[in-house]
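Thanks, everyone. Let me put the model up, and then I'll walk through it.

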Amino acid sequence: MGVRIAEEWLHSCSGCEIAILNIGEPLIDLLARIDFVHIPVLMDHKYYGQLGGDSSLEIPEAEVGIVSGGVANEEHLEVLEAMRASCKILIALGTCATHGGLPALMNEWGMEKGIEDYYKTATTEKCSVPDQVVPKPLDRVYAVDEKVKIDLMLPGCPPNPALIAEVVVSLLEGRDPVIPGKSVCHTCPTRREGKGSVKSVRRFVQNAQYDPDKPLDEMRCLLEQGVMCMGPVTAAGCAAGRGAPSCISARVPCRGCFGPVRPDGNQMLDMMNALASNGIDWKTVVDRRSLLRFSGAHGLLRPLPATTTTKE
Amino acid sequence: MGKVINIQPITRIEGHARIAIHLDDAGNVEDAFLHVMSLRGFEKFIEGRPAEEVPRIVNRICGICPWMHHLASNKAVDGCFGVTPTPAGHKLREVCQVMAHINDKILHFFFLAAPDFVLGPDADYSVRNVIGIVKEAPELAGQVVKMRQLGQMMLERFAGKAIHPIAGVAGGFAKPMTREERDELLASCKTLLEFALYAMDYAKTSVFAKYEETIATLGAITTGFLGTVDGSGALRIYDGHFRFMKADGTTTDFPVDQYDQYISEHVESWTYGKLPYAKCWNEGFSMDLDDPHGIYRANTLARINVCDHIATPHAQAELEEFRDKFGRPAQGTLLYHWARLIELVYACERSIELLEQDDILDTDVRARVEPKAGRGIGAVEAPRGSLIHDYTTDENGCIVKANMIVGTTHNIAPMNMSVKQAATSLIKDGVYDETLLNKVEMAVRAYDP
């Protein structure tokens, strides 16, 4: 018998589960030491018994629980609470679970208004919002730690397979996992020349300046090139096992997908501060609230009546 | 009042859904539903965003096919800003899209669907999964894990991220392809083609041959189809125009930017998923098994049905064999798996074809882009079906309105019908067991929702 693991996905896209598979061949070795007892993407364990006749939702007991996705409806909440009750250690996997992730952009409107408008697109027949059998939405998108106690947070959109493996192996070995604690910039090889003449940041409508035949360490820092890049305010982790931040490898700027450097940080305010302290006019950032695009849970993104009015 | 069998969650699919089978007092199926249980609403929350940022937001619609959303979105943004990607930018996008199809098909066939066939629909649930295959057929499993990983990592090395990509940009691509990168990708794609041909052969001899009756009957319904072809009628997955085919084989071709004149979306009170149907057939919407109205299917089987031919040799040979055996259009729901493997072969061949063209190395990868007001409609064939993104921007180039029809959505009505067909034919007089309920799910899994 290996260590029993239960896995669930809530308000999510399955990217976290694909990241688990992207551990690749080492995963086959890990499988000899762990037993998945519940993981809907791969395995047929059912909530209400295998014949679908039970009246209450059941998740098998496990030493380790992994949950991806935020919490946005009553079913997510019920599953999350069952996971907490059944698992000794509960891990929040991916930025949706740790900070709401992209779907928490909906918090600018709230779930009810957002869903209402979803059923009004041009090709949709005139209808009322589905309300039979389907779970009721909550008021907004929550990170999982707003609803239950979480023992370990592993953000990322997607999370880095090397770090997922590190967490699982560390649990098997009974030690603390080694997870990067600094910012994306600390893992970025691009060349920094110090404060320059940049007074504003531009939208990414032209590519960065670089020689494609030369390595990343010969490309100048994108922020110093005047490109809005969220490396300074984003948790490191994407570079683990690959040598450079993933977006920088594609020569595009960071957008913050690992969430804030300090788990309770505010990527929008932190970024405004970072820009201001470098003499850059933060008002040149278009759609500043979308700097919270990965971390809008915990009440950070909220409907603002004034903003909503100007948008309509 | 009879009882309800609650298959929840549907497993080995991407997403949140349940099946409810309603039995009458005698234990026979009165009705059956596939309920889509979750809704995120990307159409809404991209409002206000700078359009050029949207391709790296909507990729999160699906962690299995993020490239498809990323690229359909980039095309839509190109349209809003009135820009045409440079030839190299266009080609780099296409090669990434086609390579992403390779992984997806390996994942779906071997990791999600195969346990039902390799271990059997009646195997215990605790082993009827990819981990069970690792234990039961370690050599096959090792090969499959290695090939999927090769497919994912080649994309990641070239484009920075395989999951939730960022390298496609309005006007083209963020970086050119170096000669070394090209040579490495080419070698990987050749290895994957070899594997694809092996997988096709393995499936025909060791999988499909064993389940001929199940393939012909399980979840079988009669519908129309939707896919993408080029001017010569050849299968296309990155660009081209849409083709509707009715069950009788007659076709209607239309440009992707006129999708809203041909497709409408019905809504039911019991599922969050919208149910698209062919408005242009002027017959309304009905999921009646004996007399469906407006119902068409998308995804692999649909594409294989609507195309006249496939422009790569191995896939074309497979298409001919498939048509000889099953006719055109083929209707068997489990034939989605067979069609999926034909597309796996095509995706490998097409990737090689693109990588062998030297102009893919051109460094002029991005056209000049200026944010402005406009409307753009972008479409690609995602693994799960025709994917459409439709955006409108304001004078700052920020999104004011968006509509999307996502691949899986096209199949929501057909999946409901297949579930009902499977449940009705399998469950009689209140007699059912885990194997029968899993077979009902197999009808859903074929669509790879």
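In chain A, 24 residues of domain 1 are in contact with 19 residues of domain 2. Contact here means that the C-beta atoms of two residues, placed from the backbone, lie within 7 Å. This is a predicted model: local features need pLDDT of at least 70, side-chain atom pairs count only at pLDDT 80 or more, and totals for chains, interfaces and linings use all residues. Residues are numbered from 1 along each chain as its sequence is written, while chains are lettered from A and ligands numbered from 1 in the order in which they are written.

Back to those domains. Domain 1 of chain A spans 3-173, and domain 2 spans 181-312. The bounds come from an automatic or database domain assignment. Between the C-alpha centres of the two domains of chain A there are 27 Å.

Which elements line the domain 1 side in chain A? Helix H4 (95-99), strand E6 (137-142) and helix H6 (161-173) of chain A each supply at least two residues. Elements are DSSP runs, numbered from the N terminus: helices are H or I with at least four residues, strands are E with at least two. H4(A) gives the most to that side, with 3 residues. By class, the domain 1 side of chain A has 12 nonpolar, 10 polar and 2 charged residues. On the classes: Ala, Val, Leu, Ile, Met, Phe, Trp, Tyr, Cys and Pro count as nonpolar, Asp, Glu, Lys and Arg as charged, and the others, Gly among them, as polar.

Now confidence in chain A. The average pLDDT is 95, and 97% of the residues score at least 70. That score is the predictor's confidence in each residue, from 0 to 100. Where does it stay under 50? Over residues 307-312 of chain A, for which the model has 3 contacts beyond four places in sequence. Where pLDDT is low, the predicted coordinates should not be read in detail.

One backbone point in chain A. Asp287(A) is not a glycine, yet has a positive phi of about 55°. Asp287(A) sits in the loop between helix H8 (267-277) and helix H9 (305-311) of chain A. Most residues other than glycine have a negative phi, and most peptide bonds are trans.

Chain B has two cis peptide bonds to show you. From Gln8(B) to Pro9(B), the bond is cis, with omega near -10°. Pro9(B) is in the loop between E1 and strand E2 (17-23) of chain B. From Arg328(B) to Pro329(B), the bond is also cis, with omega near -5°. Pro329(B) is in the loop between helix H10 (313-326) and H11 of chain B.

That brings us to H11(B). How does it pack on helix H6 of chain B? The axes of H6(B), residues 179-207, and H11(B), residues 335-355, come within 9 Å and cross at roughly 160°. So H6(B) is roughly antiparallel to H11(B). Axes are lines fitted to C-alpha atoms, for helices over the stretch in contact, with angles from 0 to 180 degrees between N-to-C directions. Under 35 degrees counts as roughly parallel, over 145 as roughly antiparallel, 65 to 115 as roughly perpendicular, and the rest as oblique. The crossing of H6(B) and H11(B) is left-handed, a term for a near helix turned anticlockwise from the far one by less than a right angle; clockwise is right-handed. Residues of H6(B) in this contact include Leu185(B), Leu186(B) and Cys189(B), and those of H11(B) include Leu341(B), Leu344(B) and Cys348(B). The contact of H6(B) with H11(B) has 16 nonpolar, 1 polar and 3 charged residues.

Next pair. Helix H13 of chain B, residues 412-426, and H14(B) have axes that come within 8 Å and cross at roughly 155°. H13(B) and H14(B) are therefore roughly antiparallel to each other. Their crossing is right-handed. Among the residues that meet are Met415(B) and Val419(B) in H13(B), and Leu436(B) and Val440(B) in H14(B). This contact of H13(B) with H14(B) divides into 9 nonpolar, 1 polar and 1 charged.

Last, the two chains together. 79 residues of chain B are in contact with 71 residues of chain A. Which element of chain B gives the most to its side? H5(B), with 6 residues. By class, the chain B side has 35 nonpolar, 22 polar and 22 charged residues.
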